[in-house]
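Good morning, colleagues. Please look at the sequence and the structure on the screen, and I shall then go through selected parts of the fold.

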Amino acid sequence: MNNPKPILSFIALFFCFGMIVAQEPKTIPQVEELLQKMTLDEKIGQLNLLTPGGGIATGSVVSKNVETKIKAGQVGGLFGISGPEKMKKAQDLAIKNSHLKIPLLFGSDVIHGYKTTFPIPLGLSCSWDMKLIETLARIAATEATADGINWNFSPMMDIARDPRWGRIAEGAGEDPYLGSAIARAMIKGYQGDNLADPKTMLACVKHLALYGASEAGRDYNSVDMGKVKMFNQYLPPYHAAVDAGVASAMTSFNDIDGIPASGNKWLITDLLRERWGFQGFVVSDYTSVNEMIAHGLGDLQAVSALAVKAGLDMDMVGEGFLTTLKKSVQEGKVSEGEITQACRRILEAKYKLGLFEDPYRYINTKRPATDILNETHRKTAREAAARSFVLLKNHNAALPIQKNAKIALIGPLANNKNNMLGTWAPTGNPQLSVPVLEGFKNVAPNAIITYAKGANISDNPELAKKVNVFGPRIEIDERSSETLLKEALEAAQKSDVIIAVVGEATEMSGEAASRTDISIPDSQKKLIRALVETGKPLVLVLMSGRPLTIPEEFALPVSILQVWHPGVEAGNAIADVVFGDYNPSGKLTATWPRNVGQIPIYHSMKHTGRPTESVEFQKFKSNYLDVPNSPLLPFGYGLSYTTFEYSDLEIDKKEIGQGESVVVNVTLKNTGDFDGEEVVQLYLRDVVRSITPPQKTLKGFKKVFLKSGETKTIPLILNPDDLKFYNNQLEFVSEPGEFEVFVGGSSTTEMKQGFTLK
Ligand code: NOJ
């Protein structure tokens, strides 16, 4: 008999070798040739990213003398400009006037759609629909590239468990498993299979890392976190983006273990490149290199050297690289090799985009007319918005509303174009958005609708000033609040049902928009109370860029539909849901606290050594004197116009070995009168392990459609990696022992079965 061992070891060697080869960065001959020709100044020039100031400047600095710098070979890319004409002009400067004719990268923040603005990312994550999210990213790429953009500063993958932080709006919420799935979908949508396709663009995962954990929810603040929490809870979505082949990454403003991300070698080189195998380039955030001076790490030369030595390739706006790196090389503080390496990574990205073959590949004056804001894109935006809404409460089944009802449509956001797009939509045009009143008329032409503003978003002129930086978001009416309220009450009296569209203005969330009080502003609270007094059925359509604290409103006899900031098709999508053309299916992806004192609060919290056994206060147990531990609304929560019943939870094996999967089956029945979709969620509890486990954590989900009365068996698979965690040596392991599997329609589900890992 032949001995199979030599063959096996040959195969093993081959794979080992193959793996080593795959890890080795492959050089691109054209790029290497170009590097040979470049002077040190020209290499440094490629590391410089500027904005001429056409878009939204997210810092106090805007680049100067951009044209001169491009011609001098001192610019690697631009952002904040758009449109084929402008892009052509800029590219011409590089191609026709600079010595080596190296094409520019054109970046942009296409966060939730380009001109066709989709719901804010936090809203979209509530759809739990990966196919949809990928499609939206594809549309965004088609539109943005039609306008000359080839590099997108998205996806934002910062886990956020503090709704005071305004940028919670830009991400996928609190959970690393869901966040990772969304990262994969978005990157696939943006980058497609071929970056040289003129309809795809480089994605940029941001903000590495832990930006969402800014202390006290205050933007740009410090972060302090242990590695075990970091690896298990905060890093997975960035890691998933790397595994999905993301072409670039952006560092964050915060420090990690005392070193700001943009100068953090452990983060950029040891973790991102060496441990995760990231092959793309890393850009700083807006002046985040310079900000290390304010962090207390030295002068501009010192922090720029720190950044490039840490592995940062491109300096956004700050020009510290441009102005100090040559001196640092001359003084022996940075090696030319380190600069060549950074430059190589940027040139490789340009090569992958096909820019060396054709620098004008993304510049096509014909494309905007067909590819941007077309009817198909708007239709998808409408569907996406409807799918992002979460029905928080349906008192007396007030929703959906009859299409011929007498409706009082009330509220400062009910007939308002300026607040539909949501934060970080600099490429969208608020004036093209559909306000709720218009959507109602489109969808229910036979309804009798009386509109009244009822209240200002806020009566506070100081707040209005801070929020109105990009245009009028909070407009304080010339009429008194009494007059506004009177008009609303008159409208209410004439109606069968009141629909009040209330909440936050767009710029009350987003960058530099943190709040310590995340309740509905007082002006609107008063309006809601007065409307309840009328005794008419009241539906609150609630807009916000974050979870709000709404214990008072939730306790009222009202229905609540959470619609985030829904994007360009806002009014139509809201009408589709309110009038029952679409049955809401969204589920929360960030926990809604009872009050800000409960923050941080999230579904995968740990057990304490002194857990409470009841909702009643217990002395010497881990609880509060004033509120229960539970949130107002848990992660994964969301209602439908129909009802679903779960039964027969089964696991295919009671015992498995390392490396084996389990199949979990559950029976789901639509027990109500409407067809509808349910997000079936699977949570895992690792009962005993070497480090304290979370009470339960999301490890699977499936969105399923069931006709009224229909029953389906839903299979969910737990893969070997789903049982793993980072232990306190930061090894990714699963440990033998008991596991409990919970399945249901929210994170509070109690339906469970167990299995053992041998
Ligand atoms: C600052 C933001 O933090 C980042 O997300 C964005 O991409 C840049 N500004 C560029 O606009």
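Helix 7 and helix 8 cross in the right-handed sense. What we have here is a predicted model. Helix 7 covers residues 130-146, and its axis comes within 7 Å of that of helix 8, at a crossing angle of roughly 35 degrees. On the helix 7 side, the contact is made by Met130, Ile133, Glu134, Ala137, Arg138, Ala140 and Ala141. Among their counterparts in helix 8 are Leu178, Ala181, Ile182, Ala185 and Tyr190. Sorted by class, this contact comprises 11 nonpolar, 1 polar and 3 charged residues.

In soluble globular proteins, nonpolar side chains tend to be buried together. The largest nonpolar core in this model has 161 residues, and the members that touch the most others are Leu78, Trp151, Leu392, Ile410 and Ile550. Which helix gives the most to this core? Helix 8, residues 176-191, does, with 8 residues. Ile550 deserves a separate word: beyond its neighbours within four places in sequence, it is in contact with Leu392, Ile520, Leu542, Ile560, Trp592 and Leu632. Another core, of 42 residues, lies apart from the largest one and includes Ile401, Ile407, Leu437 and Val563.

Strand 15, residues 538-543, pairs with strand 16, residues 559-562, in the parallel sense over 4 bridges. Leu540 stands opposite Ile560 of strand 16, and Val541 has Leu561 as its bridge partner. Strand 11, by contrast, pairs with strand 16 in the antiparallel sense, over 3 bridges. There, Leu561 is the bridge partner of Leu391. Are the two faces of strand 16 buried or exposed? Both are covered: Ser559 and Leu561 are buried on one side, and Ile560 and Gln562 are buried on the other.

Ser458 is found in the loop between strand 13 and helix 19. Its relative accessible area is 6%, under the 20% limit, and Ser458 therefore counts as buried. Leaving aside neighbours within four places in sequence, Ser458 is in contact with Leu463, Ile474, Ile476, Pro521 and Ser523. As for Pro521, 63 residues away along the chain, its C-alpha atom is separated from that of Ser458 by 5.9 Å.

Finally, there is an open sheet of 3 strands, with antiparallel pairing and the order 17-19-22. Strand 17, residues 644-651, and strand 22, residues 711-718, stand at its edges, and one side of each has no neighbour in the sheet because each has a single partner strand. The twist from one strand to the next averages 25 degrees. Strand 17 and strand 19, residues 662-670, are joined over 6 bridges in the antiparallel sense. In that pair of strands, Ile651 stands opposite Val664 of strand 19.

Terms used: Residues numbered from 1 in each chain as written. Predicted model: local features only at pLDDT ≥ 70, side-chain atom pairs only at ≥ 80, totals over all residues. Heavy atoms only, no water. Pairing = 2+ DSSP bridges. Core = buried A, V, L, I, M, F, W, Y, C linked by side-chain atoms within 4.5 Å. Buried < 20%, exposed > 50% of the residue type's maximum accessible area, 1.4 Å probe, protein only. Contact = heavy atoms within 4.5 Å. Axes fitted to C-alpha atoms, helices over the stretch in contact; angles between N-to-C directions. Left-handed = near helix turned anticlockwise from the far one by under 90°. Nonpolar A, V, L, I, M, F, W, Y, C, P; charged D, E, K, R; others polar.
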